[in-house]
Structures are given as structure tokens and as C-alpha cells.
Amino acid sequence: MPPAPPDGGVLVCHCAQVPESAVVAACRAGCRTLRDVQDATDACTGCRTCRPEVEALIRTFTASALAPSVGQMDHGPTPGEDRR
Ligand code: FES
């Protein structure tokens, strides 16, 4: 069994020993592209076989970060509602 990363999370990049939590933290700090995450974490800067997983984490984070919450959705005026 491979050694666990220092923070106990799942390693997403074995070359640079970067856990998923570091990629998520980079996304929370503003990273939105693979290049951003590479610069911030060194993930995906070696063999690059982790690229699909890193990109999936970025997509997952950006989709959830950019999606409006239910309370913020505006579906237009309800019948009978005056929005003037
Ligand atoms: S496993 Fe991420 S660069 Fe090799």
C-alpha cells in the first residue's frame, strides 16, 4: 500500500505527492485552470498521467463554485408578480 500523503487525503498526483485537498484549496484560492493549479501546487508537472483527475477536480470545484444556490436563482416573475 502506498504511503498516505501528509494530510491523510487521497493523492491525486503521485509525482509531486499532491493530495486532492491541495488542489481543492488551490481552486478555493482562485485557481481556475490546469496551469493555475500546476503553478500553485506542482500537481501535474511530472508525467502528467494525473491530468484527467486534476482537471476533473477543477471542473467539479468551478461548477459548484459558480452555480447559483437555489435561493439565488431567478426564474423570472411569478404569475401576477409586478417587477416594475
Ligand atoms: S502523477 Fe501527477 S505528474 Fe505524474
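Helices here are DSSP runs of H or I with at least four residues, and strands are runs of E with at least two, numbered from the N terminus. This is a predicted model. By that assignment, Ala 56 sits in helix α3, which spans residues 51-66. The protein has three helices and two strands. Along the sequence they follow the pattern β-β-α-α-α.

**Overall make-up**
- The protein has 84 residues, and 21% of them are buried.
- Among contacts with a separation of 6 or more, 39% join residues 24 or more positions apart.

**Nonpolar core**
- The largest nonpolar core holds 15 residues.
- Val 12, Cys 13, Val 23, Val 37, Ala 43 and Val 54 have the most contacts inside this core.
- At least two core residues come from each of β1, α1 and α3.
- Helix α1 gives the largest share of the core, with four residues.

**Val 23**
- Leaving aside residues up to four places away in sequence, Val 23 touches Val 12, Val 18, Val 37, Thr 41, Ala 43, Val 54 and Leu 57.
- Val 23 belongs to α1 and takes part in the meeting of α1 with α2.

**Ala 43**
- Ala 43 lies in the loop between α2 and α3.
- Ala 43 counts as buried because it has 29 C-beta neighbours inside 10 Å, and the cut-off for burial is 20 or more.
- Beyond residues up to four places away in sequence, Ala 43 touches Val 12, Cys 13, Ala 16, Val 18, Val 23, Val 37, Gln 38, Cys 50 and Val 54.

**Packing of α1 and α2**
- Helix α1 covers residues 20-28, and α2 covers 34-41.
- The two helices pack at an angle of about 115 degrees, with their axes 10 Å apart.
- They are therefore roughly perpendicular to each other, since that class runs from 65 to 115 degrees.
- The crossing of α1 and α2 is right-handed.
- On the α1 side, the residues in contact are Ala 22, Val 23 and Ala 26; on the α2 side, they are Val 37, Ala 40 and Thr 41.
- That contact divides into five nonpolar residues, one polar residue and no charged residue.

- Most residues other than glycine have a negative phi.
- Gln 17 has a positive phi, near 55 degrees.
- Gln 17 is found in the loop between β1 (11-13) and β2 (18-19).
- With 14 other C-beta atoms within 10 Å, Gln 17 is partly exposed, because that class lies between the exposed limit of 12 or fewer and the buried limit of 20 or more.
- Asp 42 also has a positive phi, at about 75 degrees, and is not a glycine.
- Asp 42 occupies the loop between α2 and α3.
- Asp 42 has 15 other C-beta atoms within 10 Å, so it is partly exposed.

- Ala 56 has 12 C-beta neighbours inside 10 Å.
- Ala 56 therefore counts as exposed, as the limit is 12 or fewer.
- Ala 56 and Leu 34 are 22 residues apart along the chain, and their C-alpha atoms are separated by 10.0 Å.

Notes:
Residues numbered from 1 in each chain as written. Predicted model: local features only at pLDDT ≥ 70, side-chain atom pairs only at ≥ 80, totals over all residues. Axes fitted to C-alpha atoms, helices over the stretch in contact; angles between N-to-C directions. Parallel < 35°, antiparallel > 145°, perpendicular 65-115°, else oblique. Left-handed = near helix turned anticlockwise from the far one by under 90°. Contact = placed C-beta atoms within 7 Å. Nonpolar A, V, L, I, M, F, W, Y, C, P; charged D, E, K, R; others polar. Core = buried A, V, L, I, M, F, W, Y, C linked by C-beta atoms within 7 Å.
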